[in-house]
Amino acid sequence: MSPKTERLAVVLETGDKKVFASAADWPGWSRSAKTAEAAIEALLSYVPRYAPVAKLAGFELPESIEVDVIERNDGGSGTDFGVPSRVTDADGRKVPKADAERLAAIVEAAWTTFARIAAGAPAELRKGPRGGGRDRDKMVGHVVESDWYYAREIGLRPKQPKVEDREAVDSIRREMLGVLRSPSGGGPIAGRRWTARYAAHRIAWHALDHAWEMQDRSE
């Protein structure tokens, strides 16, 4: 018996140089390429890498997927820089309690995935094609600093933690998960720009993007 095919809602964000394809209901699952077709292909190629993250959060990806592009948006400089930075219509949907718990669980799984990969990575990572890229500890520091910034985007005002202060870092992340676990009407959080769905997507994407980069650049 062949596996049941399920439709995957995908949102496209198109800049001048890059296109992001993002799974609307799976925070952090987003890949980019030069064209929409290539971005969708890249997104699907990451099923084996995203599936363990979903499973860690308590969810299973469908065995067979058919892409359904539900939204197309213009990107901007952030898109071309390499960040899915557009808050989409799909991100503005209401977030009932079950969805809020799901968003938080996937973000937490993304952080756990990053930490596990970092723990097994060498201190010096293989350089990129142009000799660039952060080494492990700088990448860890970058993710921690970015999470502090993201915390401010969702209405929190924590003191910026030192990377080595795991208690402070974990405390900020617990507060962030608390915000994400709160049901919402889908509007911007704390009167700023990010909605709960976009916040979950951006935070999880950033942790996973660097986790997979670290994995790829490890000896």
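This is a predicted model: local features need pLDDT of at least 70, side-chain atom pairs count only at pLDDT 80 or more; totals for chains, interfaces and linings use all residues.
1. On the α4 side, the residues taking part are D99, L103, V107, A110, W111, T113, F114, I117 and A118. Their partners in α7 are A196, R197, A200, I203, A204, A207, L208, H210, A211, M214 and Q215. Sorted by class, the residues of this contact come to 15 nonpolar, three polar and two charged.

2. Now for how these two helices lie. The axis of α4 comes within 9 Å of the axis of helix α7 (residues 196-216), and the two cross at roughly 20 degrees. An angle under 35 degrees counts as roughly parallel, so α4 and α7 are roughly parallel. Their crossing is left-handed.

3. Helix α4 (residues 97-120) also packs against helix α6 (residues 166-180), at an angle of about 155 degrees and with the axes 8 Å apart. Here the cut-off is over 145 degrees, and α4 and α6 are therefore roughly antiparallel. The crossing of α4 and α6 is right-handed.

4. Which residues bring α4 and α6 together? From α4 come A100, A104, V107, E108 and W111, and from α6 come R173, M176, L177 and L180. This contact divides into seven nonpolar, no polar and two charged residues. As you follow α4 in the viewer, look out for V107 and W111: they meet α6, and they are also listed in the contact with α7.

5. The structure has one cavity of 30 Å³ or more, and the largest cavity holds about 40 Å³ of space. Its lining is made up of V144, D147, W148, P161, V169, I172 and R173. Both α5 (136-153) and α6 give at least two residues each to this lining. By class, five of the lining residues are nonpolar, none are polar and two are charged. R173 is worth a click: this residue lines the cavity and also belongs to the α6 side of the contact with α4.

6. Last, an open site. The second largest pocket has a volume of about 260 Å³. It is lined by 21 residues, and those closest to its centre are A23, A24, D25, D91 and H201.

Notes. Residues are numbered from 1 along each chain as its sequence is written. Side-chain values use heavy atoms; hydrogens and water are left out. Axes are lines fitted to C-alpha atoms, for helices over the stretch in contact, and angles run from 0 to 180 degrees between N-to-C directions. Helices (H or I, at least four residues) and strands (E, at least two) are DSSP runs, numbered from the N terminus. Angles under 35 degrees count as roughly parallel, over 145 as roughly antiparallel, 65 to 115 as roughly perpendicular and the rest as oblique. A crossing is left-handed if the near helix is turned anticlockwise from the far one by less than a right angle, and right-handed if clockwise. Contact means heavy atoms within 4.5 Å. Ala, Val, Leu, Ile, Met, Phe, Trp, Tyr, Cys and Pro count as nonpolar, Asp, Glu, Lys and Arg as charged, and the others, Gly among them, as polar. On a 1 Å grid over the protein atoms alone, a cavity is a set of points where a 1.4 Å probe fits but cannot get out, and a pocket is an open set with protein on both sides within 12 Å along at least five of seven lines; lining residues have an atom within 4 Å of a point. Grid points are joined across faces, edges and corners, and a volume is the space filled by probe spheres set on the points.
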